[in-house]
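I opened this notebook to record what I looked up in the model, entry by entry. The cut-offs behind each term are set down where the term comes up.

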Amino acid sequence: MHVVATAGHVDHGKSTLVRALTGMEPDRWAEERRRGMTIDLGFAWTTLASGATVAFVDVPGHERFVPNMLAGVGPVPAAMIVVAADEGWMPQSAEHLAALHALDVRHGLLVVTRADLADPAPALARARAEIAATSLGKVAAVAVSGATGEGLDDLRAALDRLVAELPAPDTDGPVRLWIDRSFTIKGAGTVVTGTLGAGRIRVGDELELTGTARPVRVRGLQSLGAAAGDLAAVARVAVNLRGIGKDAVARGAALLTPGRFRLTDLIDVRVHGEPAGELPAAVTLHAGSTAVPVRVRPLGADTARLRLSRALPLRIGDRALLRDPGRHHVAGGVTVLDVAPAGLSRRGAAARRAAELDTMDGVPDLAGELRRRLLVRRDELDRMGVPSGGTPVAGPWLADPGHWAGLRDRLAEEVARHAAAHPLEAGIPLEALRHRLGLPDRALVEALLRPPLTIRGGRVSAGAPSVPAGLTAAVDRAFEDLADRPFAAPEAYRLAELGLGVRQVGAAVRAGLVVQVAENVLLPAGAPERAVRVLAGLPQPFTLSEARRALDTSRRVAVPLLELLDRTGATRRLPDDRRTVVPPGV
Ligand SMILES: Nc1nc2c(ncn2[C@@H]2O[C@H](COP(=O)(O)OP(=O)(O)OP(=O)(O)O)[C@@H](O)[C@H]2O)c(=O)[nH]1
Ligand SMILES: [Mg+2]
C-alpha cells in the first residue's frame, strides 16, 4: 500500500478529487458536509490499474486548520498538490508547499483541478515553478475536472507512476505510529489510527504509548476497513488497544516499539530555511502528527537548541518543521542532530557546541557519537536512532577508542598515586577508582585493568605490594633482640614504640615480612613451618608445655601458634588436649 496526502488552498477541489478517485467520502463530519469544507483529516483509498493500492490522507485547506493539515502530512512521504484553475496559486497553496518542503517531502504530483471553469495553463505554469524550487523538484502535472471527470484517467496513471517510484519502507525497523485519530467502538474499546511509515504491527504485540507509563497491547488491527493479523509499512492502520481508555490517547501521541525510543524535550537541530538567528523565540514544532510549543535558542548560523514543552519520541535524523502560528508562517524545516545534548552552562559551551553541530548532518553515525559522548550504552544509542554496532568494552558500554585508552592511562596513574600516598594499603578500592575516573559502572573499571594491575579483595594494586623501607626497618628492629629465639614474639609495647600499628602490621603481613598468629603476636616469616619441624622431633603426642619448651617461647605465642597449626592441618589436637604432628600427605 502507498499513502499520499493532499495539499492545497481551501475549496480548490481536494476532497472532490479524492471522492472521484475512490468513490469514498473523505469529509467524515456532518459539519464538514454542511459547510462544504474539510475541517479535519479524511481517509479514503482505491486500487490503481497496476494493482497498487493508494490511500489518501485528505487535508483541510482553510488557513485555520493548517495544524490539522500538518498532522496529516507529517508521517506521509508523498503529496498530491491541488490548485484550482480558476483561482490559481493562493496563500495556503504556498503555505502547504512550504510545509512539504520543510518536511523534505520528495515525491509529489501537481493536479490543476476545476479545469472546466478556467484554462488550467496559467495555474499549472505558476504552480510548477513554485514546486520546482522545493524538495519536490520537478513533478508530473495533470489538469482535471472533478465535475466532468475529464483528466481523471490521466491522473490515475500519474498516481501509478508516482507510487512506483516511492522508496521501499523499512519494515524491519521499529514502529513509531503517530496517532492522527482516536475513538471508541462499542464492545471493542479504544481505536487509534495513523500512517505506519516503518516496521510492522501484529495482533498481540505489546507497544509503548507516549503519555502513559503502562504498555498497551494490540487487541485488533484493521487497514482500509479490513481486519488483519499483521500489518507492515507503509500502511494506514487502525489499532484496537487493550488496557487503555479513550481519554488517555489523542492525536499527537505515538505507539512505539518498546525500548527503541527515548522521549526527549531538548534537541539540537539544523534549521533549513530562515537563518536560525531570525527565528522567533517561541514557535510550534510539528513532528509526525504532533505539535508542541518550543523555545528556540540559536547556536550557529543554521543550528539551534529547542526546548520542547512536552517530551517527544524523536531520533537523530528526524525531520520536523517550525511554524509561527500567529503569522501563519512556516519558519522552516529542522533536522534533528542530537536528542540528548549536554547542557551549555560552562563559559564558551554554546560556541563550542555550535562548532560541533556544524560537523553533524543528522545521519546517525556510531563513530561520531562515540567521539562526542565518549562512553555510552548501546541501548541508549539505539534509542537515539544510531544503529547499534561496535564491540562493547564492558557490559552494554561502548567507548570511543581514544577516550578508552586515555582512561586506562589515568587509571594506572590513580593506582600509582594512591599507592604512593597510602603505601600500607593493599591498593585503591575499586569504588574509589570508579569515582576518580568519573565512570558510571564498576564493570568499566574492571574492564580497564591490565597486568600488572590486579584486583584483590575489592582493591586495585600494581601486583605485589612494595614495602616501604621504613616498615622493613621497624620490623627488623622489633626482632633484633630476639635473634637467638626464633619463636619469640616482640611485646606489644615494643611494637607500639616502633610505630607498628594495625595498618603497618597488615602491610608487613601482606608483604610477607612477618606472620601474625594473634593480635599483637608476630613471628618472623616462615616461623610456623619451622615450628612444625621442631615439634616433629618431639615424642608424639606432646603437651602444650612440652611444645612451648621445645620452641623456647611463651604461652602467649605457643597457644595461638598451635591453634594456627591445628587450623592449617599441620598438627592434630587429641581429646586429651595433647597434639601430634600430622605427617605430610596424610
Ligand atoms: N466545477 C467544478 N467544481 C469543482 C471541481 N472540484 C471541486 N469543485 C467544487 O469546489 C468546491 C470545493 O471543493 P472541495 O473538494 O470541497 O475543495 P477542498 O479543496 O476539499 O476544500 P477544503 O477541504 O475545504 O480545503 C465544491 O463546491 C466542489 O463541488 C471541479 O473540478 N469543477
Ligand atoms: Mg476538502
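**Cavities**

I began with the second largest cavity, which is lined by Leu-70, Gly-74, Leu-103, His-286, Ala-287, Gly-288 and Leu-321. I note that the model is predicted, that local features need pLDDT of at least 70 and side-chain atom pairs pLDDT 80 or more, while totals for chains, interfaces and linings use all residues. Residues are numbered from 1 along each chain as its sequence is written, chains are lettered from A and ligands numbered from 1 in the order in which they are written, and side-chain values use heavy atoms, with hydrogens and water left out.

Rolling a probe the size of a water molecule over the atoms shows where empty space is left. On a 1 Å grid over the protein atoms alone, a cavity is a set of points where a 1.4 Å probe fits but cannot get out, a pocket is an open set with protein on both sides within 12 Å along at least five of seven lines, and lining residues have an atom within 4 Å of a point. Grid points are joined across faces, edges and corners, and a volume is the space filled by probe spheres set on the points.

The structure holds two cavities of 30 Å³ or more, and about 30 Å³ of space lies in the second largest cavity. I sorted its lining by class and found four nonpolar, three polar and no charged residues (Ala, Val, Leu, Ile, Met, Phe, Trp, Tyr, Cys and Pro count as nonpolar, Asp, Glu, Lys and Arg as charged, and the others, Gly among them, as polar).

**Pockets**

I then turned to the largest pocket, whose volume is about 1,300 Å³. It is lined by 36 residues, and those nearest its centre are Pro-75, Arg-176, Gly-197, Ala-198 and Asp-318. Strands β1 (2–7) and β7 (176–185) each supply at least two residues of this lining (helices, H or I of at least four residues, and strands, E of at least two, are DSSP runs numbered from the N terminus). The classes in the lining of the largest pocket are 21 nonpolar, eight polar and seven charged.

The second largest pocket has a volume of about 440 Å³, and of its 18 lining residues Ala-342, Gly-343, Arg-353, Glu-356 and Arg-372 are the closest to its centre. At least two lining residues each come from β21 (329–338), α7 (349–358) and α8 (366–373), with α7 giving the largest share, four residues. I count the classes for this second pocket as seven nonpolar, two polar and nine charged.

**Ligand 1**

Which residues come nearest to ligand 1? Of the 20 residues around ligand 1, they are Lys-14, Thr-16, Thr-38, Arg-114 and Gly-146 (a residue is near if one of its heavy atoms lies within 4 Å). Helix α1 (residues 14–22) gives the most to this shell, three residues, and the shell divides into five nonpolar, 11 polar and four charged.

**Backbone**

Most residues other than glycine have a negative phi, and most peptide bonds are trans. Arg-114 has a positive phi, near 55°, and is found in the loop between β5 (107–113) and α5 (120–132). A cis peptide bond joins Ala-233 and Val-234, with omega about -10°, and Val-234 is found in the loop between β13 (230–232) and β14 (235–242). Another cis peptide bond joins Gln-540 and Pro-541, with omega about -15°, and Pro-541 is found in the loop between α16 (527–536) and α17 (544–551).
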